[in-house]
Amino acid sequence: MYLSEKEHALKQLLNEIMTLEEEISDIIVSYYIPSPIKINGVIANISLYDLMQMIIYDYKNIFLKDFYNNNN
């Protein structure tokens, strides 16, 4: 099956985000411990793990969903 360049790039970006998440979790001891993080001007008490999961979830549900909806 032929993948368009954009589709391939989107899938590669998701793989890179997931690889980054794995590498961070191996390096940072406090990865799963909640701490104050400023997101969009609001301080939230979340862990880096939760933040990475939010990024992955948003990516899958916004970028990939929009890409496939626009190509159908």
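Across the whole structure, a search finds three aromatic pairs. The model is a predicted one. This briefing describes two of the pairs, formed by Tyr-31 with Tyr-49 and by Tyr-32 with Tyr-49.

**Tyr-31 and Tyr-49**

- The rings of Tyr-31 and Tyr-49 form an edge-to-face pair, with 6.0 Å centre to centre and 80° between the planes.
- This pair links distant parts of the chain, 18 residues apart.
- Tyr-31 lies in the loop between α1 (5-27) and β1 (35-39), whereas Tyr-49 belongs to helix α2 (residues 48-70).
- Tyr-31 is buried, because its relative accessible area is 1% and buried means under 20%.
- Tyr-49 has a relative accessible area of 30% and is therefore partly exposed.

**Tyr-32 and Tyr-49**

- Tyr-32 and Tyr-49 form a tilted aromatic pair, at 5.0 Å centre to centre and with 40° between the planes.
- The pair again connects distant parts of the chain: Tyr-32 is in the loop between α1 and β1, and Tyr-49 is in helix α2, 17 residues away.
- Tyr-32 counts as exposed because its relative accessibility is 52%, and the cut-off for exposed is over 50%.

**The cluster**

- Tyr-31, Tyr-32 and Tyr-49 are linked into a cluster by ring pairs.

How values were computed
Residues numbered from 1 in each chain as written. Predicted model: local features only at pLDDT ≥ 70, side-chain atom pairs only at ≥ 80, totals over all residues. Heavy atoms only, no water. Phe/Tyr/Trp six-rings, centres within 6.5 Å; stacked < 30°, edge-to-face > 60°. Helix = DSSP H or I, 4+ residues; strand = E, 2+ residues; numbered from the N terminus. Buried < 20%, exposed > 50% of the residue type's maximum accessible area, 1.4 Å probe, protein only.
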